[in-house]
Amino acid sequence: MRILKWRNNNCNIKAFYMKPILFVLAAGMGSRYGGLKQLDGLGPNGETIMDYSIFDAIRGGFGKVVFVIRKDFEDDFRKKIIGKYENHIPVEVVFQSRDKLPEGFVCPEDRTKPWGTNHAVLMGKGVIKEPFAVINADDFYGRDSFAVLGKELLNASGRKNDYCMVGFRVGNTLSESGSVARGVCESDADGYLTTVVERTAIERIDGEIQFIDENGKKVVLDETVPVSMNMWGFTPDYFDYSEDFFKVFLRDNIGNPKSEYFIPLMVNELVTKRIARVKILDTASKWFGITYAADRQGVVDKIQALIDTGEYPDKLF
C-alpha cells in the first residue's frame, strides 16, 4: 500500500493511500442566520458543528478534509477553524466564487447568488483524487452516519459510476419548531436510489409523519423512510459528469439570477439516464441543524446532551 506524507509547519503526518476525503461545503452566505454559522461556536469549548463532523469523520476512517469556502472570509476561517486540526488530519482549502465558470461562459454582472451546491463540489476537482464524501458545514449528522459512509467509501477505490448517499430515517430529521422540507427517496429492490423528490411541510401530526402532495392528498410516511440530508459519497469521475452537465445547465439558466446547480439535480440526471447508480445507506443517526438564529440554543442543548451521554468528549481537539 502506497503511503502519502502530508507536511504542515514542519510536521509530517502519514495518511494511507486511498482513505476517503471529507469535502465540506462551507461557502454559504448565512443570510437567514444573520452571520457565518459555519464559524459559530456551539460546543462547550467553542466547537463548531464542523468540528463534530470532522471528529466523527476521523473515527469513521477518513484521511483528509477539504473545505470549500469564499475568499472573503479566508483569514477568519484559517484562524478559527483550520489550526485546531493540526496533528489530527490533513486539511486543504478551495474557493467558490460566482465567476468560476467553464470556458466560454461569463457570470452576469447582476448575479449575486452563488451557483449552488454542485458548483461548490466542482471546486474540488483539482485536489480530490480519491473517493470522497460531501457534507454541509452547518448540519449535524452524527457518528453512525460517518461510520457507514466511511466504510462504503473505503471500498470504492477504482470504481466508477457507483455512488452512495446516507439516507436518514425521516423520523430522525423532524423539527420541534414546525414542518420541514426533505428529499424523500425511493429505491429499487437492491437498495439503489430511483427517485428523490423534494417534499415540503413534512411534520408529525397526531403521531403520524405526513405531508400534502401535489394533488392535495395527505401522504403518511413510515418512520424509516429514507430522506436526503445532503450527505453523499462519490468517486472522482463524478467531477467530469458535473462539469459537462454544468455547461448544459448554464446554457439554459445563466440569465436567471435565482438559478442554482444543486447536487440532487446532477444525481437525478445520472440516475434517470442510467449513467450511474446511487446506493442508499441506512443510518441510526439523528440529524439536526441550524438555519435561523432562533435554532441556536436548541443545537447547543442537543450537543451538550450527547456529551453528557459519552458520545463526544467535552473537548474535541
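**Packing of α5 and α6**

Helix α5 (residues 237-253) packs with helix α6 (residues 263-272) at an angle of about 105 degrees, and their axes lie 11 Å apart. α5 is therefore roughly perpendicular to α6 (65 to 115 degrees counts as such). Axes are lines fitted to C-alpha atoms over the stretch in contact, with angles from 0 to 180 degrees between N-to-C directions; helices are DSSP runs of H or I with at least four residues.

This is a predicted model, in which local features need pLDDT of at least 70 and side-chain atom pairs count only at pLDDT 80 or more, while totals for chains, interfaces and linings use all residues. Residues are numbered from 1 along each chain, and side-chain values use heavy atoms, without hydrogens and water.

**Residues at the contact**

From α5, Tyr 238, Tyr 241, Ser 242, Phe 245 and Phe 249 meet Ile 263, Leu 265, Met 266, Val 267, Glu 269 and Leu 270 of α6 (heavy atoms within 4.5 Å). The contact residues comprise 9 nonpolar, 1 polar and 1 charged.

In α6, the buried residues (under 20% relative accessible area, 1.4 Å probe) are Ile 263, Met 266, Val 267, Glu 269, Leu 270 and Val 271. Arg 274, which follows α6, has a positive phi near 55 degrees.

**Cavity**

The whole structure holds 1 cavity of 30 Å³ or more. A cavity is a set of points on a 1 Å grid where a 1.4 Å probe fits but cannot get out; lining residues have an atom within 4 Å of a point. The largest cavity has about 30 Å³ of space, taken as the space filled by probe spheres set on the points.

Its lining consists of Pro 108, Asp 110, Arg 111, Ile 254, Gly 255, Asn 256 and Pro 257. These divide into 3 nonpolar, 2 polar and 2 charged, with Gly counted as polar.

Note on methods: 1 Å grid on protein atoms, 1.4 Å probe; cavity = no way out; pocket = protein on both sides within 12 Å on 5 of 7 lines; lining within 4 Å. Helix = DSSP H or I, 4+ residues; strand = E, 2+ residues; numbered from the N terminus. Parallel < 35°, antiparallel > 145°, perpendicular 65-115°, else oblique. Buried < 20%, exposed > 50% of the residue type's maximum accessible area, 1.4 Å probe, protein only.
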